Amino acid sequence: MKANRSQAEKALDAPGGDIRLFLLYGPDEAGSAALAKRLERAMGPDAERIDLDGATLKADPARLADEAASFSMFGDKRWIRVMPVGDEALPAFEALLEAEQAGNPVVALGGPLKATAKIVKLAQDSRAAMACISYVPDGRDADQIAIAIARDGGLRLPPELARRISEISGGDRALMAGEIEKLILYLDAAPDRPVEATMEAFNALSASAQEEDMGVLVNAVLGGDLKVMRQQLAALGAVGTNMGAVLRPLQNRAILLATIRGEYDRSGRLDAAVESAGKAVFWKDKSAVQRQVKLWDAPGIARAIRRLSAAERASRSSRNAGDVLVTHELLAIARQAARER
């Protein structure tokens, strides 16, 4: 069935047996990722997450239905995340929706899929699936999204500060979330101890330099520059940055590369594929993104995304061990890129 954002939020917050597949797509990929997070929260911190991608499902269409019907060996809740995904997963989605039983919910992130995509039409036409498109917010909508993101983290965001954050983020939900997360940490806010955010606190952070460093690190990891990557990791470690903080920009870039690579493989035109991503490619990063698309084929970037997901899980463990595991995964990704240079 076709769902608006409000309907999707309600269903993802209380997953049941009726909806087997949530297909989240559209130009606002950060918005789709935020919806997927709602399912993660609803399943709980102890739930087992199975990560798949379109290439895996193309090779083994029965895998998705099998995973959806399987029980966790530890008896915990279980759910499946599929990303990136496109029409190559159509047979797998059909098998899932036609299966006799499927107790574990599936959320699939399709990026900027067209309305004519076969998996979109399948999800819209099925009562056991829900398809929701996310558009990039603008103006007052972006301000309200910033306020809502802050509220979830225990931060009361005044309208003028919400407007400032939405403006400097260009309405990008992931960038807004990043700015707000820094404020939450800086002010030590939490849902059970809400704090009023101030413009003074926001200005005091002056995070532009650190963000630039993150951009250098992203390009170093996915561009296979091991020397620069080690320098950036050392610099972040020197100021006490949790390695988990580097994962969001890396995951966003990897998903972007997967989307562009898919378009490049279809059209054979790299410039057109990059242009098709629109504002998701910042003009300063265009040449770096083009080089990275050439380095990573579809299976390779899918493996990199899986490694980043593993690193994300590792970052939640004890501080030192988590940082070591994150660094290990980043090294593996960078070495793979270096071999393709």
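Predicted model: local features only at pLDDT ≥ 70, side-chain atom pairs only at ≥ 80, totals over all residues.
Q: Two strands pair if DSSP finds at least two bridges between them, so what makes E1 and E4 a pair?
A: They share five bridges, in the parallel sense, and the cut-off is at least two, so they pair. Strands here are DSSP runs of E with at least two residues, helices are runs of H or I with at least four, and both are numbered from the N terminus.

Q: What makes E2 and E5 edge strands?
A: The sheet is open, with five parallel strands in the order E2-E3-E4-E1-E5. E2 (48-52) and E5 (129-133) each have a single partner strand, so one side of each has no neighbour in the sheet. For E5, that partner is E1 (residues 21-25), over five bridges, with Phe-22 opposite Met-130.

Q: Why is E4 called largely enclosed?
A: Buried means under 20% relative accessible area (exposed is over 50%, partly exposed in between; 1.4 Å probe, protein chains only). Six of the six residues of E4 are buried, so the strand is largely enclosed by the rest of the structure. Both faces are covered: Val-106, Ala-108 and Gly-110 are buried on one side, Val-107, Leu-109 and Gly-111 on the other.

Q: How do you know whether Asp-28 is buried or exposed?
A: Its relative accessible area is 3%, so Asp-28 is buried. It sits in the loop between E1 and helix H2 (29-43).

Q: What makes the Asp-28 and Arg-173 side chains a polar contact?
A: A polar contact is a pair of N or O atoms within 3.5 Å; within protein, one must be able to donate a hydrogen and the other to accept it, and residues adjacent in sequence count only if both atoms are side-chain atoms. This pair comes in at 3.1 Å, so it qualifies under the 3.5 Å limit.

Q: Why is the E3-to-E4 crossover called right-handed?
A: The term means that, with the strands pointing away from the viewer, the path from the first strand over the helix to the second runs clockwise. Here the chain goes from E3 through H5 to E4, and this β-α-β crossover is right-handed, so that path runs clockwise.

Conventions
Residues numbered from 1 in each chain as written. Heavy atoms only, no water.
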